[in-house]
Amino acid sequence: DPLTQFAVVVAALIHDVDHTGVPNSILVSEKAALAAMYNSKSVAEQNSVDLAWGILMDSEYDQLRASIYSDATGLEHFRQLVVNSVMATDIMDKEANSIRSAKWDIAFKDAEEDDSSITELDAINRKATIVIEHLLQASDVSHTMQHWQVYMEWNEKLFHELYRTYKEGRSDKDPSEFWYKGEIGFFDFYIIPLAKKLKNCGVFGVSSDEYLNYALKNRQEWEDRGLEVVAGLLEDMQAKLLSEKKAAEIAPLSL
């Protein structure tokens, strides 16, 4: 279905629009305006959808919208696909993750059993729906399933982001204290199971092996080198913050 395929691409493109640089948990704890607006539920994700959707609805994109859907039914279907896909990237929502796991089991594990109460088309649609959600989750953490250098680039960016949040007093957790073990747990309990699911459902074809193999290799290399990497990340970030502090102290004098 071309509309579904395009919706997935759009969702991957917009899923972090206007991200504030801090996780939802901090926005909620700080009682940020965004958290209040979205009832402390998938705050960043809902904000991204609303902002991106507002842009798409602008008159400047009349022709683009006309090429995506032709009527109100198509609009509703497209929006539903985009919203569901973006919401799937909120992996910290335990309730949603539990529901998602149950839906996967129903679509794939339980589907092996004879169920005369569901049509073949419904079974296909059910599988497609849950696969799309997992596709977006994989897109959200795709650096973990690529070459080590790619994984390291984005690992460093996230560490810097969270360490800055900690130093600003917005979080009581120093990421350098849990980063090494945290990444191992992330691979073992999320990344590798996710890569295996996508391989088993066949959505990526022969590329599935590549993604899973990269995830396994990165996990092993992190176990071997992670402590050294974290020490380097911490040293770099501390130097960066010190440099920024000195620059801020000098700036008023130069004026």
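Predicted model: local features only at pLDDT ≥ 70, side-chain atom pairs only at ≥ 80, totals over all residues.

Biologist: Where does Q238 sit?

Modeller: Q238 is in helix α11.

Biologist: And how far is Q238 from Y163, C-alpha to C-alpha?

Modeller: The two C-alpha atoms are separated by 9.1 Å. Along the chain, Q238 and Y163 are 75 residues apart.

Biologist: What about E235? Which helix is that in?

Modeller: E235 is found in α11. E235 counts as exposed, because its relative accessibility is 56% and the cut-off for exposed is over 50%.

Biologist: How far is E235 from G54 in space?

Modeller: They are 41 Å apart, C-alpha to C-alpha. In sequence, 181 residues separate E235 and G54.

Biologist: What does S208 touch?

Modeller: L198 and K199, leaving aside neighbours within four places in sequence.

Biologist: Let's zoom out. How many helices and strands does the chain have?

Modeller: Eleven helices and zero strands. From the N terminus on, the order is α-α-α-α-α-α-α-α-α-α-α.

Biologist: What does the C-alpha trace span?

Modeller: About 75 × 50 × 30 Å along its principal axes.

Biologist: What percentage of the chain is buried?

Modeller: Buried residues make up 36% of the 255 residues.

Biologist: And what share of contacts comes from residues 24 or more positions apart?

Modeller: Those account for 70% of the contacts with a separation of 6 or more.

Biologist: Now the inside. How many residues are in the largest nonpolar core?

Modeller: The largest nonpolar core has 26 residues. Those with the most contacts inside the core are M145, I191, L194 and W222.

Biologist: Which elements give two or more residues to this core?

Modeller: They are α9 (148-167), α10 (179-201) and α11 (207-254). The largest share comes from α10, with ten residues.

Biologist: Pick I191. What does I191 touch?

Modeller: I191 touches V141, T144, M145, F186 and A215. Residues up to four places away in sequence are not counted there.

Biologist: What about a second core? Which residues does that one include?

Modeller: The second core is separate and has 18 residues. Among them are A7, V10, F78 and L136.

Biologist: Pockets next. What is the volume of the second largest pocket?

Modeller: About 300 Å³. The second largest pocket is lined by 13 residues. T4, L81, A128, T129 and I132 lie nearest its centre.

Biologist: Which elements give two or more residues to that lining?

Modeller: They are α1 (2-14), α6 (72-87) and α8 (120-140).

Biologist: How do the lining residues divide into nonpolar, polar and charged?

Modeller: Three are nonpolar, eight are polar and two are charged.

Biologist: Change of topic: α4. Why does its end-to-end distance agree with its residue count?

Modeller: Helix α4 covers residues 43-56, which is 14 residues. At 1.5 Å a residue, α4 should span 20 Å, and its end C-alpha atoms are 20 Å apart, so the two agree.

Biologist: Which residues of α4 are buried?

Modeller: V43, A44, E45, N47, S48, V49, A52, W53 and L56.

Biologist: What covers the buried residues of α4?

Modeller: The cover includes α1, α2 (24-29), α3 (33-37), α5 (62-68) and α6.

Biologist: Last topic, backbone angles. What is phi for D18?

Modeller: Phi of D18 is near 65°, a positive value in a residue other than glycine. D18 is found in the loop between α1 and α2. D18 counts as partly exposed, because its relative accessibility is 47%.

Biologist: And K31? What is its phi?

Modeller: K31 has a positive phi of about 55°, although K31 is not a glycine. K31 lies in the loop between α2 and α3.

Biologist: Is K31 buried or exposed?

Modeller: K31 counts as exposed, because its relative accessibility is 71%.

Note on methods:
Residues numbered from 1 in each chain as written. Heavy atoms only, no water. 1 Å grid on protein atoms, 1.4 Å probe; cavity = no way out; pocket = protein on both sides within 12 Å on 5 of 7 lines; lining within 4 Å. Points joined across faces, edges and corners; volume = space filled by probe spheres on them. Helix = DSSP H or I, 4+ residues; strand = E, 2+ residues; numbered from the N terminus. Nonpolar A, V, L, I, M, F, W, Y, C, P; charged D, E, K, R; others polar. Core = buried A, V, L, I, M, F, W, Y, C linked by side-chain atoms within 4.5 Å. Buried < 20%, exposed > 50% of the residue type's maximum accessible area, 1.4 Å probe, protein only. Contact = heavy atoms within 4.5 Å. Expected span 1.5 Å × (residues − 1).
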